[in-house]
Amino acid sequence: SSYAIDEDDVNVMVAMTENVFTIQATDAFENDAIYCDTHPFSTSVVVEGEDIDANKTRVIYIGGGKYRIHVTPLKPTIILSVKLNGSEIKRSPFNVTVYPGTFSAPSSSASGM
């Protein structure tokens, strides 16, 4: 089945930041679908998760059966589902550890004073 090229890019992300990973489409025999450039839009790639910014989620076909996925997580841990033509890709859904984004002085506070 289809798979994420580098699972480390999927399993660890930064909150409130665009994170990018790539998936590779495969055929029924797990051969990379490198010759599907003639019909890349007949393939459906769907990314789902309760704690992601759906408005910023993008799927871009980059050729050779590969799709670049852009996701912005909102919570410390998310479950991310990636489906190709309605079926989960290999190891999906992913349990993603999300680290804090860049610290911001205006949104920080002091306590115990």
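How many salt bridges does the count come to by this rule? Four. The rule asks for a side-chain nitrogen of Lys or Arg within 4 Å of a carboxyl oxygen of Asp or Glu.

Some ground rules before the pairs. This is a predicted model, where local features need pLDDT of at least 70, side-chain atom pairs count only at pLDDT 80 or more, and totals for chains, interfaces and linings use all residues. Residues are numbered from 1 along each chain as its sequence is written, and side-chain values use heavy atoms, with hydrogens and water left out.

Start with Glu18 and Arg58. Their closest N and O atoms are 2.8 Å apart. Glu18 sits in the loop between E2 and strand E3, Arg58 in strand E5, so the pair ties together parts 40 residues apart in sequence. Strands here are DSSP runs of at least two residues, numbered from the N terminus.

Next, Lys83 and Glu48, at 3.6 Å. Lys83 is partly exposed at 24% relative accessibility. Glu48 is partly exposed too, at 38%. Partly exposed falls between buried, under 20% relative accessible area, and exposed, over 50% (1.4 Å probe, protein chains only).

Now strand E9, residues 94–99. Phe94, Val96 and Val98 form its covered face. Asn95, Thr97 and Tyr99 form the uncovered one. E2 pairs with E9 in the parallel sense, over three bridges; pairing takes at least two bridges found by DSSP. Val12 has Thr97 as its bridge partner. E7 runs antiparallel to E9, joined by four bridges. There, Ile78 stands opposite Val96.
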